[in-house]
Amino acid sequence: MENKFGSNERTPGIRKQYIKVQLKEAWSTNMGPMVLKYTKGMTLRKGVLTIQVTSAPLRQELLLNKIKIIDMLNEFLGENLIEDIIVS
């Protein structure tokens with residue numbers, strides 16, 4: 001399987017860090033400074049993106065737009081890494 005680094009080698013550590021950086025960039029670019037201000041942390045594990053936010057109304061808004069956010073982030077990343085989102 002060819003990865004974004006142009007080789008067929010498996011580079012799980014580097015790839016994991018690359019995806020983490022790309023995900024943070026995608027989040028800040030697509031969601032804007034107000035959402036970023038209330039975002040406490042994010043983790044991606046087994047296709048599930050877990051987002052910690054400090055605002056209950058924002059949490060509700062993110063849950064209502066879950067499908068749109070998944071599509072937007074996957075498009076930015078260039079592959080379907082995110083299958084579901086949990087907002088806590």
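This is a predicted model: local features need pLDDT of at least 70, side-chain atom pairs count only at pLDDT 80 or more; totals for chains, interfaces and linings use all residues.
Modeller: Helices (H or I, at least four residues) and strands (E, at least two) are DSSP runs, numbered from the N terminus. Residues are numbered from 1 along each chain as its sequence is written, and side-chain values use heavy atoms, with hydrogens and water left out.

Biologist: How do you know that the span of α3 agrees with its twelve residues?

Modeller: The expected span of a helix is 1.5 Å times one less than its number of residues. For the twelve residues of α3 that gives 16 Å, and the end C-alpha atoms are 16 Å apart, so the two agree.

Biologist: Why is asparagine 74 called buried?

Modeller: Buried means under 20% relative accessible area, exposed over 50%, and partly exposed in between (1.4 Å probe, protein chains only). Asparagine 74 has 6% relative accessibility and therefore counts as buried. This residue lies in helix α3. Apart from neighbours within four places in sequence, asparagine 74 is in contact (heavy atoms within 4.5 Å) with Glu79, Asn80, Leu81 and Ile82.

Biologist: What makes the buried residues of α3 line one face of the helix?

Modeller: The buried residues of α3 are Ile69, Ile70, Leu73, Asn74 and Leu77. Seen down the helix axis they fall within an arc of 125°, so they line one face; the arc is that of the directions from the axis to the C-beta atoms. They pack against α1, β2, α2 and β3. Ile67, Lys68 and Glu75 are exposed on the other side of α3.

Biologist: What makes up the largest nonpolar core?

Modeller: A nonpolar core is a set of buried Ala, Val, Leu, Ile, Met, Phe, Trp, Tyr and Cys residues joined through side-chain atoms within 4.5 Å. The largest one has 20 residues, and Trp27, Leu49, Leu62, Leu73, Ile82 and Ile85 have the most contacts inside it. At least two of its residues come from each of α1 (12–38), β2 (48–53), α2 (56–64), α3 (66–77) and β3 (84–87). α1 supplies the largest share, six residues.

Biologist: How do you know that β2 and β3 pair?

Modeller: Two strands pair if DSSP finds at least two bridges between them. β2 and β3 have four, in the parallel sense; isoleucine 51 has valine 87 as its bridge partner in β3. Strand β1 (residues 39–45) pairs with β2 in the antiparallel sense over six bridges. β1 and β2 form a hairpin with two residues between them, and lysine 46 in that turn has a positive phi of about 55°.

Biologist: Why is the contact between glutamate 79 and arginine 15 called a salt bridge?

Modeller: A salt bridge is a side-chain nitrogen of Lys or Arg within 4 Å of a carboxyl oxygen of Asp or Glu. Here the closest N and O atoms are 3.0 Å apart. Glutamate 79 is in the loop between α3 and β3 and arginine 15 in helix α1, so the pair ties together parts 64 residues apart in sequence.

Biologist: How many salt bridges does the structure hold?

Modeller: It holds two. In the pair of lysine 66 and aspartate 84, the closest N and O atoms are 3.1 Å apart. This pair links helix α3 to strand β3, 18 residues apart.

Biologist: Why does aspartate 84 count as partly exposed?

Modeller: Aspartate 84 has 29% relative accessibility, so it counts as partly exposed. Lysine 66, at 25%, also counts as partly exposed.
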